[in-house]
Each structure stands twice: as C-alpha cells, then as structure tokens.
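This report works through a single protein chain, from its overall fold to individual residues. The sequence and structure come next.

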Amino acid sequence: MSEVTAKFAVTSMVMWMAPVAIMYGFYYQVFPGVSQMSSSAQTLASGFLAVISVNLVIGFYICMAMKETSHQEPQPDPTFLANAKASINQPTSSQVIDDSRGKGKVE
C-alpha cells in the first residue's frame, strides 16, 4: 500500500510543479523564442502548455496504475460481510403484518 501512496504523492507533486515551471519559464523568458512572442501570445501558450502538462501527468499516472499487477486476490471487508449476513436474516417490514391485538403474522 505504501508503494501506491508514494506513486500518488510523486504524481501529485509533479502535477503541481510542471505547470508552475512552465508558467515561470514563460514569465522569465527561460525558453528559447519566448522573448519574440507578444505578451498575450506568451500568456496563451504558457496556459495551454500548463494544461497539457497536467493532462500528460494524469495520463502517465493512469498508465502506471493499469500496469500494476495484483499481488493478492481482493477480499471483502469482514465488517461489511457480517452486517450483510445479519441484514439477510432479519425480516423486512413487508413480511410482518401487525394486527390490532399486537400479534404479528408472517406471510
């Protein structure tokens, strides 16, 4: 389980850092050719690339999750099973008819 949590944490950090790095690179003209673009073109390009970077990170995370192998057969929660078995054994309100003298009949 800690392996899954670590992958999620790393992916979350990259999903936050990639768009910020792209916006930083465009704002401070780190990327080549950015200085020749107009201000509105820089804003649009950095925004589009930031959104695309987040989608790429999400896609990468989905691919990693699909490639994971299950090490064990999934098991149901024992508390849920106990509650489900108890609810099956209880009569429902449609099965018990209450007459005026307080005696119940089962249909």
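## Overall architecture

From the N terminus onward, the elements of the protein follow the order α-α-α-β-β, that is, three helices and two strands, where helices (H or I, at least four residues) and strands (E, at least two) are DSSP runs numbered from the N terminus. The model is predicted, so that local features need pLDDT of at least 70 and side-chain atom pairs count only at pLDDT 80 or more, while totals for chains, interfaces and linings use all residues. Residues are numbered from 1 along each chain as its sequence is written, and side-chain values use heavy atoms, with hydrogens and water left out.

Of the 107 residues in the protein, 11% are buried; here buried means under 20% relative accessible area, exposed means over 50%, and partly exposed lies in between (1.4 Å probe, protein chains only). The protein exposes about 9,100 Å², of which carbon and sulfur atoms supply 65%, with accessible areas taken from the Shrake-Rupley method with a 1.4 Å probe and, for residues, only the protein chains shown counting as cover. Among contacts (heavy atoms within 4.5 Å) with a separation of 6 or more, 47% are between residues 24 or more positions apart.

Helix 2 (residues 39–67) has 29 residues and reaches 42 Å from its first C-alpha to its last, close to the 42 Å expected.

The buried residues of helix 1 are Thr11, Pro19, Ile22, Gly25 and Phe26, and they pack against helix 2. In helix 2, the buried residues are Gln42, Ala45, Ser46, Ala50, Ser53 and Val57, and what covers them includes helix 1.

Threonine 11, in helix 1, is buried with a relative accessible area of 9%, and, leaving aside its neighbours within four places in sequence, threonine 11 is in contact with Val57, Tyr61 and Met64. Glutamine 42, in helix 2, is buried at 14%; with neighbours within four places again left aside, glutamine 42 is in contact with Phe26, Gln29, Val34, Ser35 and Met37.

Glutamine 29 is found in the loop between helix 1 and helix 2, and at 41% relative accessibility it counts as partly exposed. Its phi is near 55°, a positive value in a residue other than glycine. Most residues other than glycine have a negative phi.

## A salt bridge and a nonpolar patch

A search of the whole structure finds one salt bridge, defined as a side-chain nitrogen of Lys or Arg within 4 Å of a carboxyl oxygen of Asp or Glu. Lysine 7 forms this bridge with glutamate 68, the closest N and O atoms being 3.2 Å apart. The pair links distant parts of the chain, since lysine 7 belongs to helix 1 and glutamate 68 to the loop between helix 2 and helix 3, 61 residues apart. Both partners count as partly exposed, lysine 7 at 26% relative accessibility and glutamate 68 at 34%.

On the surface, Val10, Met13, Val14, Trp16, Met17 and Val20 form a nonpolar patch with about 580 Å² of accessible area together. Patches are made of residues with over 30% relative accessible area and no salt bridge, like charges being joined within 9 Å and nonpolar side chains (Val, Leu, Ile, Met, Phe, Trp, Tyr) within 5 Å.

## Helix 3

Helix 3 (residues 78–89) has 12 residues that should span 16 Å, in agreement with end C-alpha atoms 17 Å apart. None of its 12 residues is buried, so helix 3 lies largely in the open.

## Annotated regions

In an unreviewed entry, UniProt lists residues 12–31 and 43–63 under "transmembrane region"; positions are given in the numbering used here, feature names are shortened, and annotations may be inferred rather than shown by experiment. In the model, residues 12–31 are 80% helix and 0% strand, with end C-alpha atoms 24 Å apart, whereas residues 43–63 are 100% helix and 0% strand, with end C-alpha atoms 30 Å apart.

How values were computed. The expected span of a helix is 1.5 Å times one less than its number of residues.
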